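Here is a short briefing on a chain-to-chain contact and the helices around it. Look at the structure first, then read the points below.

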Amino acid sequence: MSEIVVTRVPHKRSIPFGQEAAGALSIIALGAIGYFLYPDDLAFLTRLIGIAFLVLSLDLVTGYCGVATLGHAAQFGVGAYAAGIACVRGIADPVALLAVGVFAGTIMGLISGALITRFRGLPQLVLSIAVGQLVAALANKLSWLTGGSDGLSGITPGKVFGIFNFDMYSRTAFLFSLGVLVIVFVLLQRFVRSPFGLMCRGIKDDDLRARMIGVSIYPRLVLMYGVAGAVAGVGGALTAISTGVVGLDSVSFERSAEVLVMLVLGGAGHLWGALAGTIIFMIFEHIVAAANPFHWMTLVGLLLILIVIFAPRGLIEPVLALFARLKRKGSAA
Amino acid sequence: MRTIFSIMTDAVAYGMVLFIISIGLSIMMGLMRVVNLAHGAFAMIGGYLASYAIRDLHVHYSVAILMAVIGTIIVSIPFEILLYRRIYRKSDPLIQVLMTIGITFFIIGIVNFIFGPSLKSIPLPQTLSGPLDIGFRMLPTHRIFVIACGVVTALALWLLIEKTEFGIKLRASVDHSGMADALGIRTEIIYAVTFALAIGLGAFGGVVGAEILPIEPFYALRYMVTFLVVVSVGGAGSILGALSASLLLGLADTTGKYLAPEFGDFFFYLSVIFIVFLFPHGLFGRSHA
């Protein structure tokens, strides 16, 4: 992984905010394709964007910090439940609900970060699972608050900015989610290249060396978990707002495992990898799982094994290598 | 008194099932340092094979257990050669998690494609299905049988690891695999045999414990976490650790279900977080540098 850092840092940006603009434009372009070509599947695409936040969040802790976690859905679920409960209790403004989700996700992220990043290896993995399952058990048992196994329903958010109503074709929900995704993605692009983000990368590559040069690892990882929690909280709140229900599946172990698969499929350690993995996985699932869920499981399992053996850095890696080669050719000429 | 006694029987039987299945995983994690999330999937294969053998081939229960164990080991051989060998002692747990989750999904999909997605019962023979009179109380024979299986497994493993030449080589490989290799111990053979042993124990536990942990399509996913927690709480590679953790968690879970069914899972995972946070290498485990 170290070579990536080396090739990136000395690279001079010719256009200020060029990368951010490219990221924003690409997402808008992808969104436009979805919006105009598949107007009947907008509800599904909105759900996809919600999950994309969770995968981006997981990328921050797994891809950038090397934390192995199987309980990341907790942050997403807490954000979703917080936004849902706030909405049921009377807060109608979608932006305020989003803020509630972010706040709850951040708190949850800080708590789980404080527990999970204390250790490495097996204890870390088991703690992450236990935290995730604890949240799932709470969501199930506190049924007066969360609706239990029936799910939390009756979430009817008001108009976005007081103008755009949520319609039954999910047009507003889709555009609103897409807009939030663009903003969050651009912020994250800046964030992962900040000194803090680069230091987290350094911790992932060699935590002993990081400690030797005087970095205190634990507070940084907890902070990173907090940021990841905020991103996941955005996704949870958006999903709650756009679908109108929050079910137990949003905190389940399966959800946590699934997003890990999506992240690795696309490529951990790249924001684009997280997005690409989500899009590929969700679309395939949408098509295959509808036909036969067990064929889908076989296929995912096989795919995962193949990825780990042949492309451990994800599908995004060859694409990035191609870009790098083109760039080198361009500068040589 | 009656309640306490039946809770205890159920708890110990449940704990023993957990022990038989998890001890294989524990040995594997102690020796090969593989976080094998697919262990439950192999237990599931054992259960499906036993169910098929009894219901369709009409063989006796004991023969079915034997067929299930051997069949599962045979099924697992290609996985060992093609996949597991790559991740033995590799330090990155993320790769191991991903590959073994992939194997789990793959096995769930294939098994349900072959045997059909329904709950599989493993009918008990006459001698095991009724209650047993132990003098002052009647107990379900099957529970006693499971507990006996657990005790025998623990004793046999202890003998194997502490008293035989294979056990000596195994312990040498656990402590320092490079040095063991240099001294002429064929560690790859030790690994392969241990893998087969672990999978066989998993399948055995899956069949014997089918009354308590029913064999169903998502068995491998449902109990994946439980087995991993047992190993983590007990400490990887420790028989005593796995036994005490299984009984402890079995007791906590069963008592919770009897006394406070509302919050069973909650207290279970809360105690797991406490134990793992205080003893990151398990109650009886050692840290591996």
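In this predicted model, 37 residues of chain B are in contact with 34 residues of chain A. Helix 4 of chain B gives the largest share of the chain B side, 17 residues.

**The chain B side of the interface**
- Three elements of chain B each give two or more residues to the side that touches chain A: helix 4 (93–115), helix 10 (219–234) and helix 12 (264–278).
- By class, this side of chain B has 30 nonpolar residues, five polar and two charged.

**Helix 14 of chain A against helix 4 of chain B**
- Two packed helices are described by the angle between their axes and the distance between the axes.
- The axes of helix 14 (residues 293–310) of chain A and helix 4 of chain B come within 7 Å.
- These axes cross at roughly 150°. Angles over 145 degrees count as roughly antiparallel, so helix 14 of chain A and helix 4 of chain B are roughly antiparallel to each other.
- The crossing of these two helices is left-handed.
- Their contact has 17 nonpolar and seven polar residues, with no charged residues.

**Helix 4 of chain A**
- Helix 4 of chain A covers residues 73–88, which is 16 residues.
- From first C-alpha to last, helix 4 of chain A reaches 22 Å, close to the 22 Å expected at 1.5 Å a residue.
- Of its 16 residues, 14 are buried, so helix 4 of chain A is largely enclosed by the rest of the structure.

Conventions:
Residues numbered from 1 in each chain as written. Chains lettered and ligands numbered in written order. Predicted model: local features only at pLDDT ≥ 70, side-chain atom pairs only at ≥ 80, totals over all residues. Contact = placed C-beta atoms within 7 Å. Helix = DSSP H or I, 4+ residues; strand = E, 2+ residues; numbered from the N terminus. Nonpolar A, V, L, I, M, F, W, Y, C, P; charged D, E, K, R; others polar. Expected span 1.5 Å × (residues − 1). Buried ≥ 20, exposed ≤ 12 C-beta atoms within 10 Å, placed from the backbone. Axes fitted to C-alpha atoms, helices over the stretch in contact; angles between N-to-C directions. Parallel < 35°, antiparallel > 145°, perpendicular 65-115°, else oblique. Left-handed = near helix turned anticlockwise from the far one by under 90°.
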